Amino acid sequence: MKKFLFYCALTILIAFIFIGIFADLIAPMDPDAINMANSLASPSAEHLLGTDHLGRDLLSRLIYGSRSSVFIAFFATGCTLLLGLTIGLVSGYFGGWEDQLIQGVVNIFQGIPSTAFVVAVLGLLGPGIKSLLIAIVVSSWARFSRVVRNQVLGIREMHYIEGARAMGGSNLYIIRRHVLPNILLPLLVLIATRIGSTVLTVAAMSFLGLGLRAPASDWGIMINDAKLYFVNDFRVLLAPATCLTLFCLSINLIADYLRDHLDNDADTARIL
Amino acid sequence: MCVVIAILEVKNLSKTFRASRLGGKAHRAVENVSFAIPAGQTYGLMGESGCGKSTIGRMIVRLIPATKGQVFFRGADLLAIKQRAFRPYRRRIQMLFQHPSTSLNPRMTVLDSLREPFLLHDLPGRDCMDDRIREHIESFGLQSELLERRTSQVSGGQIQRIVLARIMLLEPEFIVLDEPTSMLDVSVQAQMMFLLQELQERSGVSYLLISHDLDLIRRCSHRIGIMKEGRLVEQNETEALFGAPKQAYTQELIYNFECMKN
Amino acid sequence: MDIRVEDLYVRFATLSGDIEAVNHVDLTFSQDQITGLIGESGSGKSVLGLTIMGLLQSNATVEGRIFLGERELISLSEKDLCAIRGREIALVAQNPATSLNPSQKVGRQIEEVFRLAGEGKVDSTRRTHELLERMGFSDSERVMHSYPFELSGGMCQRILTAIAVAAHPRWIIADEPTKGLDAVVRNQVYDTFCMVKEQYNVSLIVITHDLLLARKFCDQIVVLYSGRVLEINTAQAIFNNPRHPYTQGLIASLPHLGMRPMPGFSAAFTDQPSGCVFHPRCPYIDEDCRKIEPKLIPVEEGSVRCHRYS
């Protein structure tokens, strides 16, 4: 059952990524083509999911929306990972005063509620895709680096690290060959959950008008647009909300499965 | 008495661990320890857990810096050598660790682990290292189907053999054995120690055997040092030490072991 | 009340195939004797102990029967087992360093046993004091207010034993009580067990690979190898006159008795040899040993699973 859910989730995620990449080819219509005469139309052969309040094709907007959402989520998580990983590795592996200093900074960053932090950074830099990315990275690297550091601290004590050093392995060699492979898998779980929450943050910021700006098609903007009309036609809210939920759900299911699976592997090894 | 050449000589070695936080006490793990190990012999370092014997081993291999003192290896002071110039010694001095469960990277196969010496040093037969490894591990009682396994699927006794085989690829002159068998069963311990003695006879490698098992130390060492709370309280040739222990602590240790046997 | 194990078979389903950890074991643990289960890691000795406690993970299949007096334990529900665990059979787990909660004072961890038995706060504290004093702690007040890391390994082991005897069980199963401990602490553990045996009138099963402890402390010794019983005998007889070639090899492996290594390795769980499980390493191998698995044969006061005695 878990395995089945995992594969379903994986399929959905891959579908979203695929749709995002090939949005231009898949989308049946121009997502920004306004046709006021045909606003809030019900689903038809021409508009499979109907149209929104400006008469734009809902399906096409969803497809282009997944492009921006997925792109931002992966890119932002990637940047966060890179920053957090580097800082966490340095801090955990070398220790000493560098570690103390970094942990001090991390503590400060972790003390600030992340949503408030993102809003504050966006307020400072002004809305837009670039500032959104910066805001997300700045507000979430600290947690990443903390997790990486803790993992590295555990691994640093292992005999195989000492053994590699005794054989003459340089720090770079040891990090690359022994430290990284052993922290990457636990990190995978964190990355997966991070992507999910980033999508939500992007949507939330766009909803607040701090992220992407209309007329760009983004799930958050679509929900924002729908807030005036969903009383009459629930469809306009339901469509982007479903996509958002589905995406986050699939990411979380994948993370869940990975975590269970990794733990299981470790357990079996311990029994033997 | 004939004069034997010491391969390793430790002089006034000390280690003080700084307090981990403000107001904490600095911990003197090792204080003014001196001993010499003749080439081709085993020096047994015996003591209770926490007496600083492993710290000495780690300082000799330069895994942790010493606070004070010197370690002469074939006349050269190891602790005074610069990081870069120390690299050749990384081949000549090796260390075998206590816990088999963390001695090999769990994400690697046994073969990958055995390839490491070739990646780090310019060893002969580097081009056909897999063949050399296959040939090499046979004399350690290891079968070649082990090579494909992940290290998490290999028993503790076999891991210690694999690590030893890997160390011997480097053809070291001196090995620190840090409780190499304390996590193993008696039958596996006997096999391991037998293998180590065989290697010594064959290649003339010298050992520093660190252990809390007096019986094991007595059986396997030419000379023994007894440690207590960071200090070396007594050292002597094995049989002389057991025949006439001078210090009260040594007598107490021997008594404790005899207790268990009667 | 004796513990009787009848035709016990335990199998684990793992990714790399099924593992038969305990293979048709018949044993009687007599309440008047201390039984030592000795064997290498992977011999199934710990699994046997955990099976008696009903503490195996979910991927284990158990067949056969275990009797505590007249009651059969394997068929009991989890709820009934809980009533037996701790009160009738208690476990002293392997590693004192990780078996105690590091963030709770020792006193509270012992009091918990009395609180669970339905006693009030004042009574529990009083009884904890009594218990610690009985276990040979002269300054029970200080010990109660210590965290586990403030006590030595031997003391933690004694606390664990105290927790086990707190509910006055009939049986205690001690899993590797001396693993990785040095001589002084090992002697302390031995003294603790002797004291517990005398004061609490409990029966003990000691699971260990520490042959010296087994010889000194146990009356009867069971030698396990690859999930099978190879030899049962009194501790005296096992050491003075080991019958099974494996037992002989084990004793010869002891550092002060020659440290002569046995050839070969114990068989992997996933591919066990046919016939006698020990035959690939046995110096007395015969044609029968390769084909027919020997039965446990009674010899004088003990029994041995080897064709040479049939």
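In α9(A), the buried residues are Trp219(A), Gly220(A), Ile221(A), Met222(A), Ile223(A), Asp225(A) and Ala226(A); buried here means 20 or more other C-beta atoms within 10 Å of a residue's own, exposed means 12 or fewer, and partly exposed is in between, with C-beta atoms placed from the backbone. That makes helix α9 (residues 219–226) of chain A mostly covered, at seven of its eight residues. Helices (H or I, at least four residues) and strands (E, at least two) are DSSP runs numbered from the N terminus.

This is a predicted model, in which local features need pLDDT of at least 70 and side-chain atom pairs count only at pLDDT 80 or more, while totals for chains, interfaces and linings use all residues. Residues are numbered from 1 along each chain as its sequence is written, and chains are lettered from A and ligands numbered from 1 in the order in which they are written.

Chain B has nine helices and ten strands. Its radius of gyration is 19 Å, close to the 18 Å of the globule rule for 262 residues, so chain B is as compact as a globular protein of that length; the radius is taken over C-alpha atoms, and the rule is 2.2 Å times the number of residues to the power 0.38. Of the residues of chain B, 43% count as buried. Chain C has twelve helices and twelve strands, and 47% of its 310 residues are buried. Its C-alpha trace spans about 70 × 45 × 40 Å along the principal axes.

On to the core. A nonpolar core is a set of buried Ala, Val, Leu, Ile, Met, Phe, Trp, Tyr and Cys residues joined through C-beta atoms within 7 Å. The largest one has 215 residues, of which Leu208(B) and Ile172(C) touch the most other members. Its largest share, twelve residues, comes from helix α3 (residues 58–94) of chain A. Leaving out residues up to four places away in sequence, Leu208(B) touches Ile37(B), Tyr43(B), Leu45(B), Gly57(B), Ile60(B), Val176(B) and Leu177(B), where contact means C-beta atoms, placed from the backbone, within 7 Å.

In chain B, six strands form an open sheet of mixed pairing, in the order β6-β7-β8-β3-β9-β10; strands pair if DSSP finds at least two bridges between them. β6 (93–96) and β10 (231–237) of chain B stand at the edges with a single partner strand each, so one side of each lacks a neighbour in the sheet. Strands β7 (residues 174–178) and β8 (residues 206–211) of chain B run parallel, joined by five bridges. In β8(B), Ser206(B) is the bridge partner of Phe174(B).

Definitions and conventions: Two residues are in contact if their C-beta atoms, placed from the backbone, lie within 7 Å.
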